[in-house]
Amino acid sequence: MKLNAWSPIALLLGGLLCVGLGYANEAKQCYADAQSAYQALMSTQKPKPLNINTASQADFVSLVGVGHKTAQAIVDYRSEHGKFGSVEDLMNVKGVGPAILNKNRHRLSVAN
């Protein structure tokens, strides 16, 4: 294997990422790829519930299966009909069905 001038720098940076940028006393987990690291991170963090009565279009786009058009339809529906009484009321919006609701139910709320 031929090494170039950047190889030692790449090895050093890779080592720092696994060690935790200098915190060698603390054990850090290294992951094979970014996807594995992301999944591990997300499994340890509980997302804050999204209040569907105050969420913006950008907030709705963050949900699984919701694109810009459906997100805007949710915001428009809320503007025309008022606050949602329950999370299930989202199914009254064109483009939101049981599949999308079930994939996101754990992230949704109607908190005041």
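Colleague: What makes the residues around the largest cavity its lining?

Modeller: Lining residues have an atom within 4 Å of a cavity point, that is, a point on a 1 Å grid over the protein atoms alone where a 1.4 Å probe fits but cannot get out. Leu63, Val66, Ile74, Leu90, Val96, Ile100, Leu101, Asn104 and Leu108 line the largest cavity. Bear in mind that this is a predicted model, where local features need pLDDT of at least 70, side-chain atom pairs count only at pLDDT 80 or more, and totals for chains, interfaces and linings use all residues. Numbering runs from 1 along each chain as its sequence is written, and side-chain values use heavy atoms, with hydrogens and water left out.

Colleague: How many nonpolar, polar and charged residues are in that lining?

Modeller: Eight are nonpolar, one is polar and none is charged. Ala, Val, Leu, Ile, Met, Phe, Trp, Tyr, Cys and Pro count as nonpolar, Asp, Glu, Lys and Arg as charged, and the others, Gly among them, as polar.

Colleague: Why is Glu88 with Arg105 called a salt bridge?

Modeller: The term needs a side-chain nitrogen of Lys or Arg within 4 Å of a carboxyl oxygen of Asp or Glu. In this pair the closest N and O atoms are 2.5 Å apart, so it qualifies.

Colleague: Why are Glu88 and Arg105 called partly exposed?

Modeller: Buried means under 20% relative accessible area, exposed over 50%, and partly exposed in between (1.4 Å probe, protein chains only). Glu88 has 39% and Arg105 has 33%, so both are partly exposed.

Technical notes
On a 1 Å grid over the protein atoms alone, a cavity is a set of points where a 1.4 Å probe fits but cannot get out, and a pocket is an open set with protein on both sides within 12 Å along at least five of seven lines; lining residues have an atom within 4 Å of a point.
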